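Take a look at the chain below.

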Amino acid sequence: MALPKIYVALDCQTQEEADQLVSRLPSGQVGLKVGKELFTSIGPEWVRKQVEQGFSIFLDLKFHDIPNTVAKAVTSAAKIGVDIVNVHASGGSDMMRAAKDALEPFDNPPLLIAVTVLTSMSDADLADIGIQVTAEQQVLNLAKLTQKAGLDGVVCSAQEARMLKDALGESFKLVTPGIRPANSATDDQKRVMTPKEAMLAGVDYMVIGRPITRSETPEETVAEILASIGE
Ligand SMILES: O=c1ccn([C@@H]2O[C@H](COP(=O)(O)O)[C@@H](O)[C@H]2O)c(=O)[nH]1
């Protein structure tokens with residue numbers, strides 16, 4: 001079954017807040033992205049419950065560790081029944097291959113995606129950590145490494161989407177946070193695009209958090225965003 005185009009980032013602290021938000025989202029039209037904040041607060045049981053209720057889940061824990069540890073972590077994620085799980089591409093080829101191999105025994109494994117350069121980082125931020133190429137070049141380098149390791153795609157900014165589709169093919173999946181409807185605050189995101197621009201650039205799945213979760217009327221904001229991308 002096709003996965004939803006938009007995953008709502010449920011960045012909150014408590015089960016009550018998460019339940020309240022989920023109750024205002026149209027199931028079947030959007031997926032849920034569970035990241036470090038919520039997962040560390042309330043754990044896998046709540047995520048399993050959302051899977052049982054029919055939500056598609058992107059478990060965004062960005063595993064980055066030695067190959068054995070990451071392989072075991074993605075196995076645990078697949079057992080929860082999530083549709084997308086991710087690792088950091090900068091963990092290297094051996095780590096990414098170990099994660100991919102760990103998903104082999106599953107009949108219906110999640111998409112395995114690698115984070116390239118966080119959408120909150122600019123060229124200057126990369127220079128600060130000793131990376132002397134542009135964010136765009138580093139995204140391309142890590143995306144090539146990811147594809148060679150056999151993963152399904154990458155997390156990147158929608159700004160890099162067209163370049164990656166041209167270089168790596170249409171079937172290589174692109175998952176893009178840093179999505180901001182026109183006139184929304186960019187917050188801590190530095191490489192951003194609107195939902196419509198992202199769709200035109202060829203993005204497969206968009207992650208949108210605060211523009212929806214901070215809205216007084218999240219259901220209406222989701223409806224407006226879906227309409228803007230023709231969904
Ligand atoms: O490069 C990345 C990787 C992950 N994220 C996550 O996506 C959401 C974005 O939330 P917004 O409120 O729409 O900014 C958040 O959960 C991040 O952890 C990312 O932003 N960039």
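Which residue in β2 does Ala 9 stand opposite? Ala 9 stands opposite Lys 33. Keep in mind that this is a predicted model.

## The barrel

Start with the strands. Strand β1 covers residues 6-9 and strand β2 covers residues 31-35. The two pair in the parallel sense, over three bridges. In general, the strands of a sheet pair through backbone hydrogen bonds, and the pairing is either parallel or antiparallel.

Now widen the view. Eight strands form a closed barrel with parallel pairing. The order is β1-β2-β3-β4-β5-β6-β7-β8. From one strand to the next, the twist averages 25°.

Helix α2 is made of residues 36-52. α2 lies across β2 and β3, the latter being residues 57-63. Its direction is about 145° to β2.

Helix α3 (residues 67-80) and helix α4 (residues 93-103) have axes that come within 8 Å. These axes cross at roughly 35°. The crossing is right-handed.

Which residues meet there? On the α3 side they include Pro 67, Val 70, Ala 71 and Val 74. On the α4 side they include Met 95, Ala 98, Ala 99 and Leu 103. By class, the residues of this contact are 10 nonpolar, two polar and two charged.

## Around the ligand

How many residues are around the ligand? There are 17. Ala 9, Thr 119, Pro 177, Gly 209 and Arg 210 come nearest. The shell holds seven nonpolar, six polar and four charged residues.

## The annotated domain

An unreviewed UniProt entry lists residues 5-225 as "domain: Orotidine 5'-phosphate decarboxylase". This span is 44% helix and 17% strand. Its end C-alpha atoms lie 11 Å apart.

Terms used: Residues numbered from 1 in each chain as written. Predicted model: local features only at pLDDT ≥ 70, side-chain atom pairs only at ≥ 80, totals over all residues. Axes fitted to C-alpha atoms, helices over the stretch in contact; angles between N-to-C directions. Helix = DSSP H or I, 4+ residues; strand = E, 2+ residues; numbered from the N terminus. Left-handed = near helix turned anticlockwise from the far one by under 90°. Contact = placed C-beta atoms within 7 Å. Nonpolar A, V, L, I, M, F, W, Y, C, P; charged D, E, K, R; others polar. UniProt positions renumbered as here; feature names shortened; annotations may be inferred. Near = placed C-beta within 6 Å. Pairing = 2+ DSSP bridges.
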